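Here is a friendly walk through how the chains of this assembly meet. Have the sequence and the model open as you read.

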Number of protein chains: 4
Amino acid sequence: MAENGGTDLDVQFIHSHDPEHPANLICTLCAKFYGLGWVTGTGGGTSIRHGDHIYIAPSGVQKELMKPTDMFVMDFNTKAYLRKPQTHKPSACTPLFLAAFERGAGCCIHTHSQWAVLVTLLVERDSSKDALFEIEELEQIKGIGKGRGKSGNLGYFDRLRIPIIENTAHEEDLRESLEAAIEKYPDSYAVLVRRHGIYVWGDNVHKAKTQCESLDYIFQLAVEMKKLGLPWTK
Amino acid sequence: MAENGGTDLDVQFIHSHDPEHPANLICTLCAKFYGLGWVTGTGGGTSIRHGDHIYIAPSGVQKELMKPTDMFVMDFNTKAYLRKPQTHKPSACTPLFLAAFERGAGCCIHTHSQWAVLVTLLVERDSSKDALFEIEELEQIKGIGKGRGKSGNLGYFDRLRIPIIENTAHEEDLRESLEAAIEKYPDSYAVLVRRHGIYVWGDNVHKAKTQCESLDYIFQLAVEMKKLGLPWTK
Amino acid sequence: MAENGGTDLDVQFIHSHDPEHPANLICTLCAKFYGLGWVTGTGGGTSIRHGDHIYIAPSGVQKELMKPTDMFVMDFNTKAYLRKPQTHKPSACTPLFLAAFERGAGCCIHTHSQWAVLVTLLVERDSSKDALFEIEELEQIKGIGKGRGKSGNLGYFDRLRIPIIENTAHEEDLRESLEAAIEKYPDSYAVLVRRHGIYVWGDNVHKAKTQCESLDYIFQLAVEMKKLGLPWTK
Amino acid sequence: MAENGGTDLDVQFIHSHDPEHPANLICTLCAKFYGLGWVTGTGGGTSIRHGDHIYIAPSGVQKELMKPTDMFVMDFNTKAYLRKPQTHKPSACTPLFLAAFERGAGCCIHTHSQWAVLVTLLVERDSSKDALFEIEELEQIKGIGKGRGKSGNLGYFDRLRIPIIENTAHEEDLRESLEAAIEKYPDSYAVLVRRHGIYVWGDNVHKAKTQCESLDYIFQLAVEMKKLGLPWTK
């Protein structure tokens, strides 16, 4: 089916009374994320893989007001839109969400959290080495998985490392450096984007959402630690 | 119709079951803005242009409790009140809202956000040049339009500039300097008022609200950056 | 009627379907104040004068869960309890609420707001002069009345002055110094209590609540100003 | 009954229309704690003793979404699970909750509050003496009980002391040092865990919850005091 084949008449993809259906769940999650300050002013986005269907929140909508009828649905194999509301633009995050889904993720969340942005500003840009947010010995690190295909979560004495990529003028142009970061740090479930925010994913909605929360908690704590002169690592 | 012609019996202007009707929407927005800390203690205000009718939240009401019956309605052409609740005073922001509507805005929001006030305090007053809040290279800047009559939004590498005007004893006396700031910075969708807050507008409610959120996010980030010793511009 | 005359069977004082009835309104207000961080862990309190009846939230209850049946009702003239729930203790704030009511207040709010506590810590204790929180040139100052019996609110160029009294081991022992502060600063609608919180009142619920919000906004701003090295007065 | 004897078919322990029933109350509390930032990303936990039954929130669930059917129920005397949902893991906090219950507590709350973590980072680790968070002369200290078996709460002039124990790789391994801290500071209703969070308990749900709130308030205030250069004790 051609990309223009999808129309907003395709209600079969989004009509469900099950609150766990991706079309409903993305709305619930986005309203919660708005309350957390992650998707202020139409920023950020969320996408869920449901079998071979990718559900994606559209660009430019007030995330706390989103309705299932706003949802884009893409075929994972052909990348053709199965549902494409004519009143909205597809999310510029789509190629980045796909990069996560192609590596096994079931859900990917993009936030503009101020704590994420601030930690990217507190890690110096140094062309001689990769930019990394690193912190250790915080209980909340145990909220993050060890890595794709590995069982269990990081331990208290493991150092958390999140790669930071440089921002680009256009969000879709982040894909190359985001994929390079994932390839180099295959155990990371997140990539920070300098002066922009973060992409966090997980095997399923539960893991993506709770990892995103744990990371945001750690970033906020890290910013407060910096204000108080406390080091992130030994 | 004379200014006193409008009474609170004119329910036809405010009675609608449509949540998108301006009389209902201003109430929903004000309750949300209260939660964001923008309209604490009856501060701030919101106005929507609906064809030739201007809907304005009254002065001195608890914004989170506002009801459609509290609403003032003004004729845009004659500036006469079509509806004027006898129990309330018209908003002192009215001339400032009108200045925005006369330049094409469809909605104007006035907040007392602490982040807005703090950035006005962090920009030095210097009689030899205009006071401007300036910041660059933040993704959230892309949430702000390029300017009236221009298509699309600012880019990541564009510098955001918001003029700052000095506060006056009476809110209505801000009109002259607000209009001067708009004339000098015609692409700006907002004017900061030193030690007071901000006026933000947009072509419609969606744009005014999301631009106001994006700016508030940027101001909060800017204050946190200052605490951490991070510069706003290069 | 003796103090023990009131029992919790006296439902006539608290049973009303009107959300504006004091027994209902105190519950709604306290739930809101809990969300604002003003009455954490059973701290703080609220009282409304309704004709000759004083409605008072009890001591030691979770304020966000309060029910009309929890309410104490006192006769303003005799100071006898008309209603005294046997399961609760009367609020230790009662003498302080009465001090405000005896000076014409219609509602009095006591919060443990952290911003209020922090400003009391930022004003030095100096036995040679009264402790005062002073700030000027903030628009939000216009949310505070000029003083009892005076019409209208403070202006932007008026300096806001809130007396600070020293805390005592027992809350009821604050009455003497609170009354002395009111007598010395008769135009103030609030008294800060060092390392403790604030008492704010107003002619009616609307004024007490919005003045309490405006003051809390100003205290938070003042703390942030201090962190950023910005002076409170010229 | 053997530990495996409990299954999730044992609905009699969790089915009640009474909102005060532990199975319902833990859900309500956890949703509230999520809003307070105490149980972000499945962190933290809550347990209530109800006669000889211990109700425990499971490990790894989104605390704001918890349902009574998620609940574990343990026999206090035999420590066997009477109800053990097969889809969840028991909370690693269980031995720590039991340590509190064995000393008379009726409810125990474990949070990852950032304020708690930050105060543990602000108290230096010194092998020559116990690590203690100490603060004095704050009204909110009066929200904390004098100690087990003692009547009434701390006074304004009493110094609040909360022992801090070092974190371990596995939560259950905290039990020994937590019990040692309780034995050494038998009047404390809480133990801080460095870089981790806090355990707070009380004779009943009301006391555990309000003490946890009061402590969190004090920790937040203490962090803000540190930023402003204000000492915790004289």
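## The A–B interface

Across the interface of chain A and chain B, the rule finds 3 salt bridges, a salt bridge being a side-chain nitrogen of Lys or Arg within 4 Å of a carboxyl oxygen of Asp or Glu. One of the salt bridges to look at joins A:Lys227 to B:Glu224, with the closest N and O atoms 2.6 Å apart. There are also 18 residue pairs in polar contact between chain A and chain B, both residues at pLDDT 80 or more. A polar contact here is a pair of N or O atoms within 3.5 Å; within protein, one must be able to donate a hydrogen and the other to accept it, and residues adjacent in sequence count only if both atoms are side-chain atoms.

Which elements of chain A give two or more residues to the side that touches chain B? They are α3 and α5 of chain A, and α3(A) gives the most, with 6 residues. Helices (H or I, at least four residues) and strands (E, at least two) are DSSP runs, numbered from the N terminus. By class, this side of chain A divides into 10 nonpolar, 12 polar and 6 charged residues. For these classes, Ala, Val, Leu, Ile, Met, Phe, Trp, Tyr, Cys and Pro count as nonpolar, Asp, Glu, Lys and Arg as charged, and the others, Gly among them, as polar.

In contact terms (heavy atoms within 4.5 Å), 28 residues of chain A meet 23 residues of chain B. The area buried between chain A and chain B is about 2,200 Å², with carbon and sulfur atoms giving 55% of it. Buried area is the accessible area (1.4 Å probe) that two parts lose on being put together, summed over both.

## About the model

This is a predicted model, in which local features need pLDDT of at least 70 and side-chain atom pairs count only at pLDDT 80 or more, while totals for chains, interfaces and linings use all residues. Residues are numbered from 1 along each chain as its sequence is written, chains are lettered from A and ligands numbered from 1 in the order in which they are written, and side-chain values use heavy atoms, with hydrogens and water left out.

## The A–D interface

Now turn to chain D: 23 residues of chain A are in contact with 28 residues of chain D. A:Glu139, A:Tyr217 and A:Leu228 supply 27% of the area that chain A buries against chain D, more than any other three residues.

The count between chain A and chain D is 3 salt bridges. D:Glu64 pairs with A:Lys209 in a salt bridge whose closest N and O atoms are 2.4 Å apart. Helix α5 (residues 205-227) of chain A gives the most to the side of chain A that touches chain D, with 11 residues. By class, that side has 9 nonpolar, 5 polar and 9 charged residues.

## How the copies are related

A rotation of 90 degrees with 0.0 Å of shift along its axis superposes chain A on chain B (RMSD 0.0 Å), by least squares on the C-alpha atoms of residues with pLDDT of at least 70 in both. The two copies are thus related as by a four-fold rotation axis. In chain A, the C-alpha nearest the axis belongs to A:Lys227, 5.3 Å from it.

Chain A and chain C do not touch, their nearest C-alpha atoms being 11 Å apart.
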